Amino acid sequence: MSDTLTLLAADGAALRVPAAVDLVAIVVGALLGGLLAAREGFAVSGVLLLAVSGGLGGGLIRDVLLADGPPVALTNQAYLPTVAVTAGITFFFSGWLSRLTGLLTGLDALTLGFFTVIGAQKAQLAGLPSASVVFIGTLTAVGGAVIRDVLLAQRADIVQPGPYNAVAALLGATVLTVLAGPVGMEPLPVAVVVIVLVSGLRLLSVWRGWAAPVAIDL
Amino acid sequence: MSDTLTLLAADGAALRVPAAVDLVAIVVGALLGGLLAAREGFAVSGVLLLAVSGGLGGGLIRDVLLADGPPVALTNQAYLPTVAVTAGITFFFSGWLSRLTGLLTGLDALTLGFFTVIGAQKAQLAGLPSASVVFIGTLTAVGGAVIRDVLLAQRADIVQPGPYNAVAALLGATVLTVLAGPVGMEPLPVAVVVIVLVSGLRLLSVWRGWAAPVAIDL
Amino acid sequence: MSDTLTLLAADGAALRVPAAVDLVAIVVGALLGGLLAAREGFAVSGVLLLAVSGGLGGGLIRDVLLADGPPVALTNQAYLPTVAVTAGITFFFSGWLSRLTGLLTGLDALTLGFFTVIGAQKAQLAGLPSASVVFIGTLTAVGGAVIRDVLLAQRADIVQPGPYNAVAALLGATVLTVLAGPVGMEPLPVAVVVIVLVSGLRLLSVWRGWAAPVAIDL
């Protein structure tokens, strides 16, 4: 984690979120996607597809909406091979990896935070208004899970009551626009605060059994 | 309605469909999406997501396909906040709103007509051939409903026999290309004719129980 | 088939895959999509939508990701009308067409090969790295089937064990990048080799009952 933050600091001014941080989140996303597919008994193509969705899905949706050339998932030479290798690992070691429940829950929460920050900061760099920054940040964080649910023909996890995922990302992205805008904080501390906030909310909601609120009929 | 048409007339020459008309249709689409989510007992994230799908989904698909920079849903400062406020209203007043069945059916039909015209005229401005104008017009009209069905993991409403939605939009968009092309009518009267036609077909099919025709085996 | 290859040869240097070849694959894709919808008793809008998905879905996904202006499915005047006519044929003659099982299986396999090559070569022309060429080639080949499954709310065919489709496309696209890159073969022979390979793998897996491998727990 400290290496990651150093990288963030070094390139922060120009890029805000360097490819290396994106890559860590992508590996975790791909690992969780591939693992799910492997445990469900999917074919090798399904393991690959769910690893791609989990690792790159949010970023693909983000980059298609930002409409600034082909998605970085395609132009960056490292992303797809990394996902493919990760999918291969889940293909052969799903049983062993599945036993690491606590670690996976933690990594999942961290990834939610990373993707929120990466998406929101990229939308800011594109000069979009604050509401769009929040929208893109949230969509980058949960997009992979939405694609996964759609491919499995199951009702999207994020629309249902349950542990915070979209709600945590939404709050985090909103805080990000406030800290980076009116408060005027630097990109790096903003990223750290938001990642801690999103990951913390996600973990707390899983551990404490918090559910996102449902509609009230006043 | 008359204010809307005045706005259409005022900006008609340059923009053909001004943002204010788009915004009215977006509010109605978001209202119907959010209402469905609230009645289904979804979490706050689900209400927001279905409001975004219903209000902005068709336009997002349209703008991604037209590939002319980020979708207007993201660049226009008013769209996402409007959808968020609308989602908030459905979140708290779903019971009261649901009682307005007749009004909602009427607004739904009107929105189908508006989105058809907005989508088709934008595709015309992009210089696409007539068949693509019809396709984009239809997709803008039904795109939100398709995204909603996909997220709920239910078979897309528009592929099934039942009251006209895609069929009405398809006919309307086809009439639009004929009136705006060979007939050479001005954008504003074309818009009025097509909105009346699409909304009328939709309402008649709901009231009379018309179903879109299914395949015949000759 | 020989006409098609002559066309490929004629324009090969500049375009690599001319519109006429794309059009043949689109007709077959639309035919299979529309046929499925007609047999499932869908409305006319569903037959059209599944014909569009089958014929143009993969190409739409490919062109959205390549982000080089509106998809060729929209800018080419012939594509959508061709799909509409094909959908009309399936709408009226689904019973008669469905009896041609052997022919349809063969055409389906050939289309998988064509779409793989068309997608991969277009990604190469866009200057993307090899892994992205493989990804785009595979996605172009199976994208239509994925959209179809999503609209029908059924678990995506390509994630499940069964006859090769994504796996055949993936192998074909990988061979394409090797033959066109390190081996340095011309575009036309590469296309022929890959189409034969993908179609052959697909047909063999259907006839021999081969299933794509599932995850192994080492």
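Which residue forms a salt bridge with C:Arg148, and how far apart are the closest N and O atoms? The legends below answer this and move on to other close-ups. This is a predicted model, in which local features need pLDDT of at least 70, side-chain atom pairs count only at pLDDT 80 or more, and totals for chains, interfaces and linings use all residues. Residues are numbered from 1 along each chain as its sequence is written, chains are lettered from A and ligands numbered from 1 in the order in which they are written, and side-chain values use heavy atoms, with hydrogens and water left out.

**View 1. A salt bridge in chain C joins C:Arg148 and C:Asp149.** The closest N and O atoms of this pair are 3.2 Å apart. A salt bridge here is a side-chain nitrogen of Lys or Arg within 4 Å of a carboxyl oxygen of Asp or Glu. C:Arg148 is partly exposed, at 22% relative accessible area. C:Asp149 is buried, at 2%. Buried means under 20% relative accessible area, exposed means over 50%, and partly exposed lies in between (1.4 Å probe, protein chains only). Over all chains, the count comes to 15 salt bridges.

**View 2. In chain B, B:Arg148 and B:Asp149 meet in a salt bridge.** Their side chains come to 3.2 Å, N to O. B:Arg148 is partly exposed, with a relative accessible area of 22%. B:Asp149 is buried, with 2%.

**View 3. A salt bridge links B:Lys122 to B:Asp63.** The closest N and O atoms are 3.0 Å apart. The pair ties together distant parts of the chain, 59 residues apart. B:Lys122 sits in helix H6 (residues 101-125) of chain B, and B:Asp63 in helix H3 of chain B. Helices are DSSP runs (H or I, at least four residues), numbered from the N terminus. B:Lys122 is partly exposed at 29% relative accessibility. B:Asp63 is buried at 5%. In chain A, a network of salt bridges links A:Arg62, A:Asp63 and A:Lys122.

**View 4. C:Ser205 lies in helix H9 (residues 187-208) of chain C.** Is C:Ser205 buried or exposed? C:Ser205 is buried, with a relative accessible area of 0%. Leaving out residues up to four places away in sequence, C:Ser205 touches C:Pro163, C:Tyr164 and C:Trp210. Contact means heavy atoms within 4.5 Å.

**View 5. Chain B meets chain A.** The contact takes 33 residues from chain B and 30 residues from chain A. The two chains bury about 2,500 Å² between them, 72% of it on carbon and sulfur atoms. Buried area is the accessible area (1.4 Å probe) that two parts lose on being put together, summed over both. In chain B, B:Leu74, B:Phe92 and B:Leu151 lose the most area to chain A, together 21% of what that side buries. One salt bridge is found across this interface. The side chains of A:Arg155 and B:Glu40 meet in a salt bridge, at 3.1 Å, N to O.

View 6. H3(B) gives the most, with nine residues. By class, this side of chain B has 24 nonpolar, eight polar and one charged residues. Ala, Val, Leu, Ile, Met, Phe, Trp, Tyr, Cys and Pro count as nonpolar, Asp, Glu, Lys and Arg as charged, and the others, Gly among them, as polar.

**View 7. Chain A meets chain C.** Here the contact takes 33 residues from chain A and 30 residues from chain C. About 2,500 Å² is buried between these chains, 72% of it on carbon and sulfur atoms. The rule finds one salt bridge across this interface. The side chains of A:Glu40 and C:Arg155 meet in a salt bridge, at 3.1 Å, N to O.

Terms used:
Helix = DSSP H or I, 4+ residues; strand = E, 2+ residues; numbered from the N terminus.
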